[in-house]
Each structure stands twice: as structure tokens, then as C-alpha cells.
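I'll go from the whole chain down to a single residue.

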Amino acid sequence: MSEHSVRHARWTRLTTDELYGIVVLRNRVFALEQRVTAEDFDGRDREPETEHWWFGTDTDAVGYLRLIRPAADEDHPADASPPAWVIGRVATHPEHRGQGVAGRLVAAVLDRHGHDPFVLHAQEYVAALYERYGFVRFGEPYDEAGIRHVGMHRPGH
């Protein structure tokens, strides 16, 4: 995996090849593997402040996450500051799981924005990954797209 690196860009800076690689990965994981029927492309990808982070080559994404600004009613712990960012759409290609791809993406995002508070909605079986980076579970687990999720928060530092 030495030829792979963490990359990031906002919508207007993505090349068509980078976008294609991201779309292929998101489709493979969410639609084909997890059978999520909810619309993946919700319009948030194109927002001016949204950041796309991926791990891979110029044309092949093997890991991805999206960083968006929270909605006004974004859930977060009652005793915590509202989040500045929401991490979502985290996906790792099946052939690259267990190699630290998602962790490298989270670490890169926190290296750049770690002073800000974050929330994310983790699939419950991978919540421990985010706990290693200072995220804490809040609220009760819930079902989203047929998959158990848990809210997670990380205060700014």
C-alpha cells in the first residue's frame, strides 16, 4: 500500500477520475455490499465547505470519508458544544479492510481539524475504531438503513 496516500479536496477541486474512484467505492460498499437503499447522493457532497477525504491512488479510492458541516438540529450530547463537523460516508474497500485505512483517514482529518468538535454516526460494530481517536458514544443505539448505529462525539481540543 506504499503507493497509496491520504488525499482530500472540496467538490470543485476533485478531478473526474478522483470523483469516479470515490463513487465506485461508495457504491460498492453501501449499495452492493450493505444493501443500503437510501439515496447516497444527498446534495451534501457539492456544498462549498464539504471535504472529501480518500486513501488511494489518483484513480482508485480504497478508503473514503466525507466531512460536512452539521445541520442546525444535529444530535450531540446535551452537555457538549455543538459540532463544527460531521464525519460520514466512511467506506473501506473489502480487500483493504483490517489494514488501518479508515484509521489513517480519521487521523488525517483530526490532524487538520482536531481543535473543532465533531460528531459521527457510526455503524455500531466499528465504534471502537473511533473510540481510539477520542470519540465517545452518546444516546441509544438506533437503526439506520437496517444497520445498528450509535452517535459519537469528540470535543474540540
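Predicted model: local features only at pLDDT ≥ 70, side-chain atom pairs only at ≥ 80, totals over all residues.

So, overall size: for 157 residues, a compact globule would have a radius of gyration near 15 Å, and this chain has 15 Å, which agrees. That radius is taken over C-alpha atoms, and the globule rule is 2.2 Å times the number of residues to the power 0.38. Along its principal axes, the C-alpha trace spans about 45 × 30 × 30 Å.

Residues are numbered from 1 along each chain as its sequence is written, and side-chain values use heavy atoms, with hydrogens and water left out.

Burial next: 45% of the 157 residues count as buried, meaning under 20% relative accessible area, with exposed over 50% and partly exposed in between, for a 1.4 Å probe and protein chains only. As for contacts, meaning heavy atoms within 4.5 Å, take the pairs at least 6 apart in sequence: 66% of those join residues at least 24 apart.

How many helices and strands are there in the chain? Three helices and seven strands, in the order β-α-β-β-β-α-β-α-β-β from the N terminus. These are DSSP runs numbered from the N terminus: H or I with at least four residues for helices, E with at least two for strands.

Now the sheet. It's open, with mixed pairing, and its seven strands go β1-β2-β3-β4-β5-β7-β6; two strands pair if DSSP finds at least two bridges between them. At the edges sit β1 (5-9) and β6 (136-144), each pairing on one side only. From one strand to the next the twist averages 20 degrees.

Let's zoom in on β4 and β5. Strand β4, residues 85-92, pairs with β5, residues 118-123, in the parallel sense over three bridges. W85 stands opposite F118, and V86 opposite V119. β5 is mostly covered, with five of its six residues buried.

What lies across the strands? Helix α1, residues 16-33, lies across β2 (51-56), β3 (61-68) and β4, at about 95 degrees to β3. Helix α2, residues 101-113, lies across β1, β2, β3, β4, β5 and β7 (147-154), at about 140 degrees to β2. For those angles, axes are lines fitted to C-alpha atoms, for helices over the stretch in contact, and angles run from 0 to 180 degrees between N-to-C directions.

Staying with α1: at 1.5 Å a residue its 18 residues should span 26 Å, and its end C-alpha atoms are 24 Å apart, which agrees. The expected span is 1.5 Å times one less than the number of residues. α1 does bend by about 30 degrees at N27, the bend being the angle between axes fitted to the seven residues ending there and the seven starting there. Its buried residues are E18, G21, I22, L25, R26, V29 and F30, and they pack against β2, β3 and β4. After the helix comes R35, with a positive phi near 60 degrees.

Last stop, T92, in strand β4. Is T92 buried or exposed? Buried, because its relative accessibility is 12%. Leaving aside neighbours within four places in sequence, T92 touches L25, V29, V62, G63, R97, V101 and A102. And D111 is 19 residues from T92 in sequence but 20 Å away in space, C-alpha to C-alpha.
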